[in-house]
Amino acid sequence: MAETLDLSTFVERTPAGASHITLAVEGVGCAGCIRKIESGLANLPGVIDARLNFTQRRLAVDFRDNEIDAGQIVKAVEDIGYGAHPFAPERVEAAEDRQAKRLLRCLAVAGFAAMNVMLLSISVWSGNVSDMTQETRDLFHWLSALIALPAAAYAGQPFFQSAFRVLRARQLNMDVPISVGVVLALGLSLYETATHAAHAYFDSAVMLLFFLLCGRYLDQVVRRKTRVFAGNLASLKAEFAHRLETSGELVRVPAAALRPGDRVLVRPGERIPADGTIIAGASEIDESLITGETTQRAVGAGAKVYAGSINFSGALTMQVDAAGAGTLVNEVERLLDRATQAKSQTVRLADHAGRLYAPVVHVTAALTAVGWLLAGASLHDSIVTAIAVLIITCPCALALAIPAVQVVATGQLFRTGIILNNGDAIERLAEADTIVFDKTGTLTLPEPCVDATLIDPDLLERAARLALSSHHPLAAALARALGERIPYAGAVEEPGAGVCAMIDGREARLGSAKFCCLAEPGPQAAARDSDASLIVFAHAGRIANIPIRQTLRPDAAAVTQALTKRGLDLIILSGDRPAAVEPVARELGIKQWRAGLNPAEKIAVIELLKSQGRRVLMVGDGLNDAPALAAAHVSLSPISAAHLTQAHADALFLGDRLAPVLRAVVIARQARRLMKQNLALAVIYNACAVPVAIAGFVTPLIAAVAMSASSILVTLNALRARLTADVTVDAVTAQSPVKTDDPDIKQIGTVAAGARIEPVS
Amino acid sequence: MNVLIYLVPMALALGLTGLVAFLWSLKSGQYDDLDGAAQRILPDDDIKT
């Protein structure tokens, strides 16, 4: 069927009057790829300019829409051999882009000022111990002021603005002591310069800003990098729908472009692209992504269906609905709202430190001034000493301590296939002591697999080749499992029933038992495979019942064991039937599990665990898990999860393995240890430096050396995270071979369905 | 010490030139695609003869 691809929602107008589209590109890996794509597109008539951003894997194309349309451009990139997916930039991303550029400009200005002021300061320091005249020193101080004051006014803005905001809300954060410190240091230096004093602190103030901006910028880089990657991934995963126009024409549009009221055709084997009501057709749909339930539901005209379900047997025509009251999605969103509101704002380590820090610093400085006054020093000397205390305690190292570790840890998570949605997720991941798993799609693979153990391989191979001719999801699983590539010629599919072909001159049929002219499978077979879907293959009088079932992720058992070894409590909360959950729990050795839960009950269990003082890591993929993910202390989702669920997870993991859950926990714990070490280093630095400052011995030279030394030390310590944490599951399991004769695991067979979760004693 | 009268402004002017050059390169998007720039220098058949 010839169909048109409509991408008009992604096309923007440039000021010059041309059209512009951004595509996320897959498979780009070298200089040759850049050239092939760019020159390939430039040769198309109507394309004005094509530029590939290799770092972000995004292709920006300007074109004249009267000569070529966006669909043809996507097609052209695909013909060259790369995957291309239209990409709609998020507003958040653009804002963060601007923020990052602004920080970089501030950083550049602060860096320039710090270097030049330091040049002058070192001359003054060496001049003070040799033969510098007072006039030269004053000239150098005035020059420093000339550089430092405008630079600080510009580069300090991110801190001043933030400090002003929190002060207006009558709160304190780290930016308040920073701003006070910088402003006082500059003011004091100006006064000292005017009175021809020997010391000025211009260099300390600018250097402070420079180090602090480094920390801020690193923080921003991490957030931006993960956001870009998540954005690409979202468009790579974006699905297309077949929209029925009023003219009866079928147009392929991105699912995101569907509006309520649109009519959509869903063929067998396709995912339902939006929430809606069926207006024609009948089929079975798999709603495991929505409810966790693995058995299929029969639907007909008038039935409500949800985005993410897979259509199994018949073609359906549906009308897209706006989210109405009383639907499952509506219920999930209501629960989500409640869960997000109830979530106690976890105090980030940095904020916690900052909140303790600000009052302590200010009180110390004030006490220093008062102390020196009482001891008989002049007002001028007391204030100079107090300001020296403020400068030396300014939280350079503290501000770098956490972002530096976050950058390294995020990079490491990224390399092992974990994408953070949320910057402070690392800290919360490290705190988790209980992991709650969803079953379907989380512990098991998102797609069903063939259980080929009891079937004649020869027969199975023929079945798989025949399955290539079918659109049915179970047939697709069969064909994929065997890796067959050559379909039989002349195969005919009867929608919703099966597929048949002539093989070696005899008829072969693959499909339901009825289609293969058999009675329903015997009770024996049905009982053995209560959790599997059967497809039957009949050829030349031989018959195979091929069970296709949800299978565990390949390394699930090893990972759950390794997690238990690390002192984490594991729990399964599933929306599926007890009969389907129990074998999984037994195979993984997870003693606490509950089945048949709806979203509200999942939240209730998580609340119960929270009230016992546990910190829960929720791992889930279904739409029904989304509220539980939001309610949990921290959450993870596989990349195959429902859209809404992904949006509420703190991190996503890629691939068919469960190992990323283990790696996430290990890397996060190590990162938290390093963060604490760094904070301790910052505190030790202060413990040494503050008494010296209070005693009044801090010259600008000492301040400069102490500040840079502590900052560099903290950064180097953060880099240690790169050296150690090479966590592979093989390495973990090598130390702890799976014991199949563990008495605990055997005992689970006797746990009643829906066993209670015992409170921790 | 009179040499300072023109040496210090010269040093400052040089530093400022560097800063302005950086800000200009940032604004013109030269840091938007760092990995791409590293790759793009490799092929040389785009030189039009």
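Residues are numbered from 1 along each chain as its sequence is written, while chains are lettered from A and ligands numbered from 1 in the order in which they are written. As the model is predicted, local features need pLDDT of at least 70 and side-chain atom pairs count only at pLDDT 80 or more, whereas totals for chains, interfaces and linings use all residues.

Confidence comes first, expressed as pLDDT (the predictor's confidence in each residue, from 0 to 100). Chain A has a mean pLDDT of 80, with 88% of its residues at 70 or more. Over residues 727–761 of chain A, pLDDT stays under 50. The model has 41 contacts beyond four places in sequence for that stretch, two residues being in contact if their C-beta atoms, placed from the backbone, lie within 7 Å.

The secondary structure of chain A comprises 26 helices and 28 strands; these are DSSP runs numbered from the N terminus, with helices being H or I of at least four residues and strands being E of at least two. Of the 761 residues in chain A, 46% are buried. Here, buried denotes 20 or more other C-beta atoms within 10 Å of a residue's own, with C-beta atoms placed from the backbone. Among contacts in chain A between residues at least 6 apart in sequence, 70% join residues at least 24 apart.

An automatic or database domain assignment supplies the domain bounds. In chain A it gives domain 1 (1–88), domain 2 (94–226 + 349–404 + 674–721), domain 3 (238–329), domain 4 (418–440 + 555–654 + 742–750) and domain 5 (449–549). The C-alpha centres of domain 1 and domain 2 of chain A are 48 Å apart.

Now to the sheets, in which two strands pair if DSSP finds at least two bridges between them. Seven strands of chain A form an open sheet with mixed pairing, in the order 16-28-27-26-17-24-25. At its edges are strand 16 (418–420) and strand 25 (592–594) of chain A, each pairing on one side only. Strand 24 (residues 569–573) of chain A runs parallel to strand 25 of chain A, joined by three bridges; Ile571(A) has Gln592(A) in strand 25 as its bridge partner. Helix 20 (residues 599–611) of chain A lies across strand 17 (434–437), strand 24, strand 25 and strand 26 (616–619) of chain A, and runs at about 155° to strand 26. That angle is taken between N-to-C directions on a scale from 0 to 180 degrees, with axes fitted to C-alpha atoms, for helices over the stretch in contact.

Another open sheet of chain A has three strands in the order 12-11-14, with antiparallel pairing. Strand 12 (297–299) and strand 14 (310–311) of chain A each have a single partner strand, so one side of each is left without a neighbour in the sheet. Two bridges link strand 11 (residues 283–286) to strand 14 of chain A, and Ile285(A) stands opposite Asn311(A) in strand 14.

Finally, the contact between the chains draws 20 residues from chain A and 19 residues from chain B. On the side of chain A that touches chain B, helix 1 (31–42), strand 4 (47–53), helix 3 (91–128) and helix 4 (134–155) of chain A give two or more residues each. Helix 3 of chain A provides the largest share, nine residues.

Note on methods. A residue is buried if 20 or more other C-beta atoms lie within 10 Å of its own, exposed if 12 or fewer, and partly exposed in between; C-beta atoms are placed from the backbone.
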